[in-house]
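Please open the model in your viewer, with the sequence panel alongside, and follow the stops below in order. At each one there is something to select, followed by a description of what is there.

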Amino acid sequence: MANYFLDTPVYKHHLHHPLMKRIVEVKERNYADRNVYDYAPIDFEDAMDSYEKVLEIVGEICADSIAPNAPEVDLQGPSLANGRVSYALGTQGNMETVRKAGLMGMAMPRRYGGLNFPCVPYIMAADMVSRADAGFENLWGLQDCAETLYEFGSEDQRQRYIPRVCSGETMSMDLTEPDAGSDLQSVMLRATYSREDNCWYLNGVKRFITNGDADIHLVLARSEEATKDGRGLSLFIYDKRNGGVNVRRIENKLGIKGSPTCELVYKNARAELCGERRLGLIKYVMALMNSARLGIMAQAVGLSEAACWEAYAYARERKQFGKAIMGFPAVYEMLALMRAKADASRAMLYETARFVDLYKVLEDVSKERKLLPEERQEMKKYGKLADAFTPMGKAMTTEYANQNAYDAIQIHGGSGFMKDYTCERLYRDARITNIYEGTTQLQVVAAIRHVTTGTYLSQIRDYEALHYNPEMENLKQKLMEMTTRYESIVTIVTEPKDSEYLDFHARRMVEAAAHCILGYLLLQDANADPYFRRSAEVYVRYAQAEVDGIYSCITRSDRKDLGYFKVE
Amino acid sequence: MSLKIIVLAKQVPDTRNVGKDAMKADGTVNRSVLPAIFNPEDLNALEQALRLKDTHPGATVTLLTMGPQRAAEIIREGLYRGADKGYLLTDRAFAGADTLATSYALAMAIRKIKTYDLILCGRQAIDGDTAQVGPQVAEKLGLAQITYAEAIRKVENGKITVVRRLERGIETVEATLPVVVTVNGTAPACRPRNARYVQKYKHAKTIAEQQNAHADYLHLFNARAYLNLEEWSAAEVNADVRLCGLSGSPTKVKKIENVVFQTKESKTMEPTDEHINELMKELITNHTIA
C-alpha cells in the first residue's frame, strides 16, 4: 500500500507549523464540539492527530486509486448525452472512493455534516490529490463553493445545501460567459424575479464551466435590468433537481481532460438568491475567487511535486555514456532546481493557507460574538497578508508548475515527448493553472498594490528579524542584498508616478518581492528541518540571479522605451 | 429482522514484500521485520459485509479476530471502515494454534456471540495459505458453507445467493441462513477508512492497551462505551485449553527449507522472427501453451 502522505515527510512538516496551535484553537472554539460530536477533537494534540490520520486516508487513496486511474481518465474523459455529463469510469470510481472515505465537505462545520478542518489540512489534501491527478483536483476543489454558501447564504440555505455537499454531491461556480472572461463585469445571463412563483428564473449561456453538470451551482447573473457593470450582478443558487440547465457541449481541452468543462444553456432555470442583490460580483465572487486561487496553488504544487518524482525516477534509471544521466551537471542542476521550486512553492502555499485560515476563522467568530480589540487587530493583519499572498502565490506556484513540467519532459528527452510517460500529461495539465481563476498577468494586477503600499516589504522585514541557524547566515546575507535591490527598483518605478510605466514593470517587481519571500520561507523550513537546506541553498542562488536580472532590466529602462513595445 | 453479520479477520505478516531478513536462521518467520497487516482476503470479506449493511437497514457487522494484543489493530481497522463492534480473542493458551485449534477457538467465540445470520471470512490468510479455517468453523458450528465467493447477490427471506469463482468458471448458489461464506481476493476491494469513523474510534482500546493510554484521554473510556474494545480469554469463551493453541494442534512443522530462486536453464534469444518461431514451437511441444 503506497501512501503519498507517509512517503513524503514534508507534508507533516508543513502541517505542524507553530501557528497551527492558534488556528486550531479558534477554529474549534476551544474544543466545544467535543461534547456534541463523537468525532470532534478533545484538545490541540487530538485535533492534529486527527488531521494526520485523515490525511493518511487521502494519501492512500491518492496513491492506490486516483493516480493509477489517471492515465485512463485522461484518455477517456467525460462524455455528453441528452444534455447530461457522464464522468470517465475512473473519475466515477474516484468520486465513489472519496465519498465513502467521508472526505467531502472537509472544511465545513460539523453541524452541517462536515469535518470542520482548517484550510491547511484541507489544502494539503488538495495538494496530494493534484499530485495524483490534477484533473480530479478540480472536482475535489469545488468543495470550496460550499464555503461561499456558508459565508453568504442564509441559515435556511446552509441547512438545505451544505449537508448535501458533505455527503458527496458536487458543485460548480458558473461565472464565465462567451463575452465575459477576465472581465466579469460584462456578465449577461439574465435573472428575473417572478412574484407569482416567489423565485428567480435564469436565462442565458455560460461557457468554460468546470464540472458544469454539478448537483448544485453558484451562478453569477444580472438581476438589475438596464445595468451594465458589476453592481448589477447577483449570486444565485441553482439546484439541478429543479431542472432548466442543459449542457450543450463539453470542451475538448489540452489538459485536465478528466474534468468536464461545459457550455451551459439556462432556460427558465428556477434559482434562489444567495446573499444580497448587487453584491454578487463585488463581494461574493471576489471571496469565492480568492479561495479558488488557493485551490489552484495547491493544484500547481501537486503538479510540481509530481514532475520532480517523474524526472528523478527517469534520470536515475536512464543510462547514457555509461552512467545514469542524473550524474551529469546539466541534468542534476535541473533536478535540483525543480526540487527547489517545488519546495519553495509548497512553503508559499502553506504560509498563505495559514494567513487565510486565521483571517477566515476570526471573521467567522465575529459573527457569533464581538471580537476583542487584539483579535480584531489579528484578523486585520492576516486578512491583509492573505490578500497580498494569494495573488503572488498563485502567480509564482503556477508558473513554477509549468517550468517543472517542462523540465521533466526535457530530462526524459525524446521519450518524454511520447505518450508513454506521465510527464507529458503533467505538462498539459499544468498549462491551465497560470490561466484560470485569473491569469498570472491578472494576479500581478492584484498584487502590485502590495508592492507600492509596502505590504510585501514589511513582511520581508519581519522574516528578516527571525532567528536563523548560523550556517545559513550567508543565505540570509544574499536575501538582504536582494531586498535592497527590490527596494531600489520599487523607488525607481514608482517615482515618476506614471501608471503605464508601473504596469509595464509590475510583474518584475512582484517577482522580485516573491523571490525574497520564497527565499525566507525556505530558510525558515531549513531552520526546522535540515531536509530543506539543499532547496534553500539552490533556491536563494537561483533567486538572487533572477533579482539581479530584474534589477539590471529596470535600472537600465526608460519610460520612453515603452514605445518600442507598443503594438498599434 | 435485521441482519447480523460476523466477519472473521486475521492479522498477518505482510508476506507480499519479503526482503532478505524475512526468515530467521532457524527457518521461522521473522515477524519483527514484516509489517502486520489486515489479511487481504479478510478485507474483501469485510467489504461484502459492509455492502450488506449499506443495503439492509439495521444490519450489524461484528469483527472477530484471534491473536496477540496488537491484533486489536484489526478491530480498529474494521471500525474505521464501518463495522459496528469487534472482539479480540486473546490468551496465551491460543498461541501456536494450527487451523484445527484456531477454528475451535473461533467457533467457541461465535457460540458466545450467539446470534448471527452470516459468518464471512477471507478464503485464506497470506501467512499460512491453508484455506481451512473458514470451512472448519462451519463444520464445528454445524453450518452450511460457501467457499470462493466473489459476490453476494442477495439476502432475503432467510436465504442467500452467492456467486462463486471456480477454476473453470463461475457458479451461482443459494443457501439457507445461517451460513459461512469464504470470500475470494477477486471480490471487490475493501472501501477506504472513513474520516469520521477514524476520528470517532481512534482512541478505542482494549483493557490492556488502556494501561498505556495517554492520561489526557483516560476519561474517554468511561464516557464513551464504544471506545472499550472487548477481549475474550479461552475461559471466557468456555474453551477447553487442551484443544487450544499448541496442545490442540495435531499439525507439527517438521522441517522448513529455505528456497532460493535461481536461474538454472536460461536461454538467450534474439528478437527475430526465426528465434520467436522456435520458441513458440518448443512451448507448444512441452505443453506450456496449448
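**First stop: a loop in chain B**

Begin by selecting B:Asp129, which is exposed because 10 other C-beta atoms lie within 10 Å of its own; here a residue counts as buried with 20 or more other C-beta atoms within 10 Å, as exposed with 12 or fewer, and as partly exposed in between, the C-beta atoms being placed from the backbone. B:Asp129 has a positive phi of about 55°, although it is not a glycine, and its place is in the loop between S6 and H4 of chain B. Helices (H or I, at least four residues) and strands (E, at least two) are DSSP runs numbered from the N terminus.

Before going on, note that this is a predicted model, in which local features need pLDDT of at least 70 and side-chain atom pairs count only at pLDDT 80 or more, while totals for chains, interfaces and linings use all residues. Residues are numbered from 1 along each chain as its sequence is written, and chains are lettered from A and ligands numbered from 1 in the order in which they are written.

**Along helix H4 of chain B**

Now select residues 133–141 of chain B, which form helix H4; its buried residues are B:Val133, B:Gly134, B:Gln136, B:Val137 and B:Ala138. What do the buried residues of H4(B) pack against? They pack against helix H3 (99–113), S6, S7 and S10 of chain B, where a contact means that the C-beta atoms of two residues, placed from the backbone, lie within 7 Å. Following H4(B) is B:Gly142, whose phi is positive, near 70°.

**The sheet of chain B**

Next, colour the strands of chain B, where an open sheet of ten strands with mixed pairing has the order S9-S8-S7-S10-S6-S1-S4-S5-S12-S11; two strands pair if DSSP finds at least two bridges between them. The edge strands, each pairing on one side only, are strand S9 (169–176) and strand S11 (205–206) of chain B.

Within that sheet, select strand S6 (residues 118–122) and strand S10 (residues 179–183) of chain B, which run parallel and are joined by five bridges. One pair to pick out is B:Gly122 and its bridge partner in S10(B), B:Val183. Helix H1 (residues 40–55) of chain B packs on the sheet, touching strand S1 (4–9), strand S4 (60–66), S6, strand S7 (144–156) and S10 of chain B, and its direction makes about 145° with that of S6(B); this angle runs from 0 to 180 degrees between N-to-C directions, with axes being lines fitted to C-alpha atoms, for helices over the stretch in contact.

Then move to the loop between S9 and S10 of chain B, where B:Pro178 lies. The peptide bond from B:Leu177 to B:Pro178 is cis, with omega near -5°.

**Across to chain A**

To see where the chains meet, select the contact, which takes 13 residues from chain B and 16 residues from chain A. On the chain B side, the residues touching chain A divide into four nonpolar, two polar and seven charged; Ala, Val, Leu, Ile, Met, Phe, Trp, Tyr, Cys and Pro count as nonpolar, Asp, Glu, Lys and Arg as charged, and the others, Gly among them, as polar.

Chain A is divided into domain 1 (4–166 + 282–430), domain 2 (171–281) and domain 3 (440–565), with bounds that come from an automatic or database domain assignment. The C-alpha centres of domain 2 and domain 3 of chain A lie 39 Å apart.

**A hairpin and a loop in chain A**

Select strand S4 (residues 190–194) and strand S5 (residues 199–210) of chain A, which run antiparallel and are joined by five bridges. A:Ser194 stands opposite A:Cys199 in S5(A), and in this hairpin, with four residues between the strands, A:Asn198 takes a positive phi near 55°. Further along, A:Phe208 lies in strand S5 of chain A and has a positive phi of about 60°, although it is not a glycine. Is A:Phe208 buried or partly exposed? It is partly exposed, because 18 other C-beta atoms lie within 10 Å.

Finish at A:Asn82, in the loop between strand S1 (79–81) and strand S2 (84–86) of chain A. A:Asn82 is exposed, with 6 other C-beta atoms within 10 Å, and its C-alpha atom is separated by 8.3 Å from that of A:Asn246, 164 residues apart along the chain.
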